[in-house]
Amino acid sequence: MMSYITKSPWIIHYDASSCNGCDIEVLACLTPLYDVERFGIINTGNPKHADILLITGSVNEQNKEVVQNIYSQMAEPKIVVAIGICASSGGIFRECYNVMGGVDKVIPVDVYVPGCAARPESIIDGVVKGLAILAERQSALKAGKSMARDVRQTAKAENIDESEVGLQ
Amino acid sequence: MNLTWIVLFLILAPFVGGLICGLDRIVTARMQRRVGPPILQPFFDIIKLFQKERLRINGIQGFCVLSYLVLILVTGAIFFSGGDLLLVVFALMLAHVFLVLAGETANSSYSHIGAQRELLQVMSVEPMLILYAVAFYIVSGSFTVATIIEHGILGISYIWLLPGVFLGIAYIFTIKLRKSPFDLSTSHHGHQELVKGITTEMSGPTLGMYEIAHLYEVIIILGMIGIFFAGNPLLGLCVLVLLYFLEVFVDCSTARVKWQLMVQSSWLVIGLIAFVNILALSVFG
């Protein structure tokens, strides 16, 4: 049986601490010029309906619980796409006293979209790359394997490595 | 004969309803100068929802949504097998009571707001539905859908006798389709004050059941409007297409109103147009 999740990926967009540059580009994807509804993508604004979490901006001490809360409210299978350099690594804000760094310090990230601000084309490209992971997780879920959990643990392990290496 | 219609309704309604909703989304997109999703998109969405993980927020919400779906099926079965119109109206209301309960069971203020607004929507719609049944009784002498259709085929032109009732039903059609400006209980677009209103706490298969119930409900309301044209099905089909197109147009060109305006305006339309129509019938008819 084919996976319909790739034909109807619903997104939720969260602004962690973005300058709004990437947010505007995310919303640009929904405009008539890019029209991601062609691919069945809907901006739900509700974690319980969403399959893909788009996060812009770096995570700070105040909203890390919000990010974790949104992520934990989403039903499996789900993926996280970090949009822009701040969400990927903290960007120019990474040295700030209250900034934790990229989104992957708090929740596992599946796709990193580079750019400052990320272009709508690359955001769409990132989401489409994520669809393959989503489909994989769907079949893992169906097979009763805890593959998603494994992937998440691996990502977590990688984060620990990163901080040990001294990126923070 | 009756059983055939029930089976046909139960099997065909979600497919026809899904195609209508798919077309709806394409036409909406074209009005906004977008390309829009494929026509089968509503089916993709529903199948996906059933493939997702089941998150149970409590023990009762899933039961309430299932009851909503089952009662919508019962409503449609009564209507399309030619049953009693009053029974159709009351079963439809009971279905929505279960939907409101489903919203109220969740521990979320957005869900509660949605549930309360759903009650307001029921309040705006219900007088019209009862007047609708009464109007058909006055004209045809029966509450039974089968008899009403028979009389229509034999020559009673309901649309000529009941234009006010038709306009009243057309007005509440927006509320039933959950379209702007009366999409108070749940919104189709994210990032709003409502989040997703009554469906906020539904996810995966539960939301899938809700979506299927909505497809059935669209077909029931279209059927209820359709019997105005029992003697002339072709004209009926044209009017339904035109009416739905108008609904999409209104949806694209208006913003959500406050609940006061929804209740007041729908009661005004019901009182001034539909009720006066019935009054005139009983005086002159």
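Read along the sequence, chain A follows the pattern β-α-β-β-β-α-β-α-β-β-α-α, with five helices and seven strands. Helices (H or I, at least four residues) and strands (E, at least two) are DSSP runs, numbered from the N terminus. This is a predicted model in which local features need pLDDT of at least 70 and side-chain atom pairs count only at pLDDT 80 or more, while totals for chains, interfaces and linings use all residues; side-chain values use heavy atoms, with hydrogens and water left out. Residues are numbered from 1 along each chain as its sequence is written, and chains are lettered from A and ligands numbered from 1 in the order in which they are written.

**The sheet of chain A**

- Chain A contains an open sheet of five strands in the order 2-1-3-5-7, with parallel pairing; two strands count as paired if DSSP finds at least two bridges between them.
- The edges of this sheet are strand 2 (42-43) and strand 7 (111-113) of chain A, each of which pairs on one side only.
- Strands of a sheet pair through backbone hydrogen bonds, either parallel or antiparallel.
- Strand 1 (residues 10-17) of chain A runs parallel to strand 3 of chain A, and six bridges join them.
- Within strand 3 of chain A, A:Leu54 is the bridge partner of A:His13, and A:Gly57 is the bridge partner of A:Ser17.
- Strand 3 of chain A is also joined by five bridges to strand 5 (residues 79-83) of chain A, again in parallel; here A:Thr56 has A:Ile83 as its bridge partner.

**Burial in chain A**

- Of the 168 residues of chain A, 54% count as buried, where buried means under 20% relative accessible area, exposed over 50%, and partly exposed in between (1.4 Å probe, protein chains only).
- Strand 3 (residues 52-57) of chain A is mostly covered, six of its six residues being buried.

**Salt bridges**

- Over all chains, the count comes to 15 salt bridges, each defined as a side-chain nitrogen of Lys or Arg within 4 Å of a carboxyl oxygen of Asp or Glu.
- One of them joins the side chains of B:Glu201 and A:Lys48 (2.8 Å, N to O). This pair crosses between chains, from the loop between helix 8 and helix 9 of chain B, which holds B:Glu201, to the loop between strand 2 and strand 3 of chain A, which holds A:Lys48. Both B:Glu201 and A:Lys48 are buried.
- B:Glu118 and B:Arg178 form another, with their closest N and O atoms 2.9 Å apart. The pair links distant parts of the chain, 60 residues apart: B:Glu118 is in helix 5 (residues 109-140) of chain B, and B:Arg178 is in the loop between helix 8 and helix 9 of chain B. B:Glu118 and B:Arg178 are both buried.
- B:Glu217 and B:Lys176 also meet in a salt bridge (3.2 Å, N to O). B:Glu217 in helix 9 of chain B and B:Lys176 in helix 8 of chain B are 41 residues apart. B:Glu217 counts as buried at 2% relative accessibility, and B:Lys176 is buried at 12%.
- A network of salt bridges links A:Asp35, A:Glu37, B:Arg25, B:Arg34 and B:Asp45.

**Aromatic pairs**

- The structure holds 16 aromatic pairs over all chains. Rings of Phe, Tyr and Trp (its six-membered ring) pair if their centres lie within 6.5 Å; planes under 30 degrees apart count as stacked, over 60 as edge-to-face and the rest as tilted.
- B:Phe63 and B:Phe98 form an edge-to-face pair, 6.5 Å centre to centre with 85 degrees between the planes. B:Phe63 lies in helix 3 (residues 61-80) of chain B and B:Phe98 in helix 4 (residues 85-105) of chain B, so the pair ties together parts that are 35 residues apart in sequence.
- B:Phe166 and B:Phe228 are likewise edge-to-face, at 5.5 Å centre to centre and 80 degrees between the planes. B:Phe166 is buried at 12% relative accessibility, and B:Phe228 is buried at 2%.
- One aromatic cluster comprises B:Tyr132, B:Phe136, B:Tyr158, B:Phe166, B:Phe228 and B:Phe229.
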